[in-house]
Amino acid sequence: MHFSRLPGEAAAPPSSGPLQPQLPRPWATGRGRPHSGSGVGRAAHPGCPRALPAPPLPSRDRGSPPCAPPGCRGAALSPAAAAPAAAAPGSARPRPRAPGRRARPPRRRQPWLPLCGRCCGSASSPRTVSGGGVAGWALLRGQQRPPARGPRAGRAVTGARFVLAALRLAGAALLSPGSCAFEDSACGYEWDYAHLPWALHGEGHYISVDTSYEGEKAVLSSPELYSEEWSCVRLIYQIATTSETSPDPARLNLYLRQEGESFDRLLWSATEPSDSWLIASLDLTNSTKKYKIVLEGEMGQDKSASIAVFEIKITPGYCIECDFEENHLCGFVNRWNPNVNWFVGGGNIRNSQSILPKDHTLNSELGHYMYVDSVYVKHFQEVAQLISPKTTAPMSGCLSFYYQLKQESSIVFTVYLRDTSGFYEEIWKTDSALSADWALAEVDFNVPYPMEVIFEVAFNSAKGGYVALDDISFSPVYCSNQTGTPFNPAEAGCNFEEDLCNFYQDHKDGPGWSRVKVKRNVYRAGDHTTGFGYYLLANTKFTSEPGYIGRLYGPTLPGNLQFCLRFYYALYGFFKMSGTLAVYIFEENHVVQEKIWSVLDTPKGVWTQAEISFKKPMPCKVVFVSWCKSFWDCGLVALDDVSLSLGSCQAADLFLPNPGECTFEKDECVFTQKKRGRGSWHRRRGPTPTSYTGPKGDHTTGVGYYMYIEASNMVYGQRAYLVSRSLRGTSGKQCLTFFYHMYGAGTGLLSVYLKKEGDDEEIPLWRRTGEQSISWLRGLIEYESDRNYQIIFEAIRGVSMRSDTAIDDILFQAGPCLEVEEIQFSSGYPDSLNEIEY
């Protein structure tokens, strides 16, 4: 691995734009000035990138402290330091600015804003960057500069006085495995030589990649790591570009590469350019597998873009936890308010008009905590908000924190959850004034999708008092005040393969729903789960009489929780089927019932997905109701694969998808055509153009996309190849799951091959020939490859134009397959074409 070391270059004058939000480095000593010289240094190794200019550094004025004393309420640059200056000529490429010092701050208090550590800034609201769990370090140092008069590049390229806040404790040498401050080395992180090189900046202490060399991306991977507990990854980064908008912007991605998996799991991604260092907080769930952190910088189409990483830190625990003892304050940010803000308290400094406490963590005046007081309240109901990093993994358990509330007039202290759409949900509120002792608050915490926790304090007057906050922690075990067994959403679903799970019928109005299985045939579709398993059927030959009602009750659900209900249904009949299937919510004791969904006329014989979001204050049950109104409005209603999850259905889609899964809903994923033309795969939704062949809809939702070959455009024996990109070889077994559709009298051949890197031979893994069923059928393949490899789907056109073949819902999983596929080697029609097993 070769990281280019940069000789210095003369410091550039400050930017002519406004002083932008920066990431300070409180208590840090100066880095030293760069060597003088006007030329740009080059790395000794020819494979290394052209060295970037050394970042500018302010003078090392030891008479000025790096920031206000610990525990300060504010710190700002002097007006002279904030004055604009001319831009450095010839600066064409945006790059991160280097660490330095600030002038001695004035005594006037400024509110604490994101990432100022012990120091404080003012006048800017937090910047939020797209991507899960990212909070911008947005603050201005005291006086605002005049508005910008040039493009973003001018501000990013020329340097400005600011300081970097190090994401580390005083002992930087004691960084945990996988953490790196890029002080003197890359800490075992390795650059992938197949892509663009990273440069290690000895003066600025960061790594970066830019467009000096042609290439699409740069990849940096950590040493092998291991942790059986939850961990938090904090990343300080910056994306700089000369283009305000671009159809293909520079992007920084962070992946998790787990042992035994062929795919890297995308944890987070950011594209927004910035004039300051930003921070991302990402949760890593507990696992028994070894793993690596992989950073990927994609350069996009901008001709002058750079991506820099100042520090990576991995710590045990959850990102939402914080004792406020570290400079970065765990990524918590203050929503700036002209009159009321959260500040860093403690540090042996008492500069508030309120009498503030010792911290809870250390029970010492040297410890730190967050607090907000009413000294500068000017209006009724002034509000201060302290906002946590976004969660990036589903979490449930007990959120706890310590707080003090000194109240002279009304104070409202509330904790909210806020999702990405801005919806607030109150989860806790204090009910009375408390003594000067720290009080413990505990609240049950269910976060199934990305959310922020907001600690909000509202004052009614300037003599309201204060609220202090410390030691926020999280436990995956629910709070002690919760009785009974925690609700498990998985127990409220069922695929009906073994039984009815926790569903039941009361049989008041007849036999109700029947659990059935259809043998493979070309007249009736099988179940949705596998194509040859069990599902529920209502209005069967035993019950299809006018006035028939079948009710299927689900388990009791707790009240005051948001749920997403998903299920698949199919209709069979010659007449109007509208309203023959409905979903009701029965509240406790069946006193109140509400219809929340009803089927409209949909394509017959297609498994279609329905999803419903609902929330009830009381415990309730989901009830599926099938109604046979009359002979003309009665047909067969099928139900399968019922699932329930916490949160709304829309918010549930915010988490990044499984990296080894492809539903073809957006594109062809990791697959490409070996050649395109008449003999190729096509991405399509709905039925295929030729009658009596091909699927009526996709397997994912019934109305989505799938891949298929159009036999009418091909000749007999012509082949079409769908080839995956190169997948990482691993030790141990792998399981490939997919769904295939082979319906039509002239259906040909579908095969799956494994091609290992360096081999010309394609190893056959799976094959089906001839017509199989009108249903989507599940295929399972177990294989091994210790070398990088590709998976190839090959379809061969059959003897007639009625030989469309389709595939959908491909899934790669580490480990052996948990089930065995029901294999049918014969082609053509099976026995008992239309038989239903009850």
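User: What does the side chain of Arg515 reach at 2.7 Å?

Analyst: The side chain of Arg515 reaches the backbone oxygen of Glu497 at 2.7 Å, and the backbone oxygen of Glu498 is reached by that side chain at 3.2 Å. A polar contact here is a pair of N or O atoms within 3.5 Å, where, within protein, one must be able to donate a hydrogen and the other to accept it, and residues adjacent in sequence count only if both atoms are side-chain atoms. Please keep in mind that this is a predicted model, in which local features need pLDDT of at least 70 and side-chain atom pairs count only at pLDDT 80 or more, while totals for chains, interfaces and linings use all residues. Residues are numbered from 1 along each chain as its sequence is written, and side-chain values use heavy atoms, with hydrogens and water left out.

User: Where is the place of Arg515, and is it buried or partly exposed?

Analyst: Arg515 belongs to strand E22, residues 514-518, where helices (H or I, at least four residues) and strands (E, at least two) are DSSP runs numbered from the N terminus. Arg515 is partly exposed, with a relative accessible area of 25%; buried means under 20% relative accessible area, exposed over 50%, and partly exposed in between, using a 1.4 Å probe and protein chains only. Arg515 and Leu500 are 15 residues apart in sequence, with their C-alpha atoms 8.0 Å apart in space.

User: Switching to cysteines, how many disulfides does a search of the whole structure find?

Analyst: The search finds eight disulfides, a disulfide being a pair of cysteine sulfur atoms within 2.5 Å. One of them joins Cys494 to Cys501, with an S to S distance of 2.0 Å, and this link is right-handed, with 70 degrees about the S-S bond. Cys494 is buried at a relative accessible area of 5%, whereas Cys501 is partly exposed at 38%.

User: And what about Cys232 and Cys319?

Analyst: Cys232 and Cys319 form a disulfide with their sulfur atoms 2.1 Å apart, and the link is right-handed, with 105 degrees about the S-S bond. Cys232 lies in strand E6 (residues 231-241) and Cys319 in the loop between strand E11 (305-316) and strand E12 (333-335), so the pair ties together parts that are 87 residues apart in sequence. Cys232 counts as buried at 1% relative accessibility, and Cys319 is buried with a relative accessible area of 1%.

User: Why is the disulfide of Cys735 and Cys817 right-handed?

Analyst: The torsion about the S-S bond of Cys735 and Cys817 is about 105 degrees, so this disulfide is right-handed. The pair links distant parts of the chain, 82 residues apart, with Cys735 in strand E36 (residues 730-742) and Cys817 in the loop between strand E41 (805-814) and strand E42 (836-837). Both cysteines, Cys735 and Cys817, are buried.

User: Now the core: which residues have the most contacts inside the largest one?

Analyst: The largest nonpolar core has 44 residues, and those with the most contacts inside it are Trp342, Phe401, Phe413, Trp428, Phe445 and Phe455. Such a core is a set of buried Ala, Val, Leu, Ile, Met, Phe, Trp, Tyr and Cys residues joined through side-chain atoms within 4.5 Å. Among the elements that give two or more residues to this core are strand E14 (368-373), strand E16 (395-407) and strand E20 (451-459).

User: What is Phe455 in contact with?

Analyst: Leaving aside its neighbours within four places in sequence, Phe455 is in contact with residues including Phe332, Trp342, Phe401, Phe413, Leu469 and Ile472, where contact means heavy atoms within 4.5 Å. A second, separate core of 37 residues includes Phe182, Leu254, Ala280 and Ile314.

User: Last topic, what kind of aromatic pair do Tyr369 and Trp438 form?

Analyst: The structure holds 41 aromatic pairs, and the one between Tyr369 and Trp438 is edge-to-face, at 5.9 Å centre to centre with 70 degrees between the planes. Rings of Phe, Tyr and Trp (its six-membered ring) pair if their centres lie within 6.5 Å, and planes under 30 degrees apart count as stacked, over 60 as edge-to-face and the rest as tilted. Tyr369 is in strand E14 and Trp438 in the loop between E18 and E19, 69 residues apart. Tyr369 is buried, with a relative accessible area of 1%, and Trp438 counts as buried at 18%.
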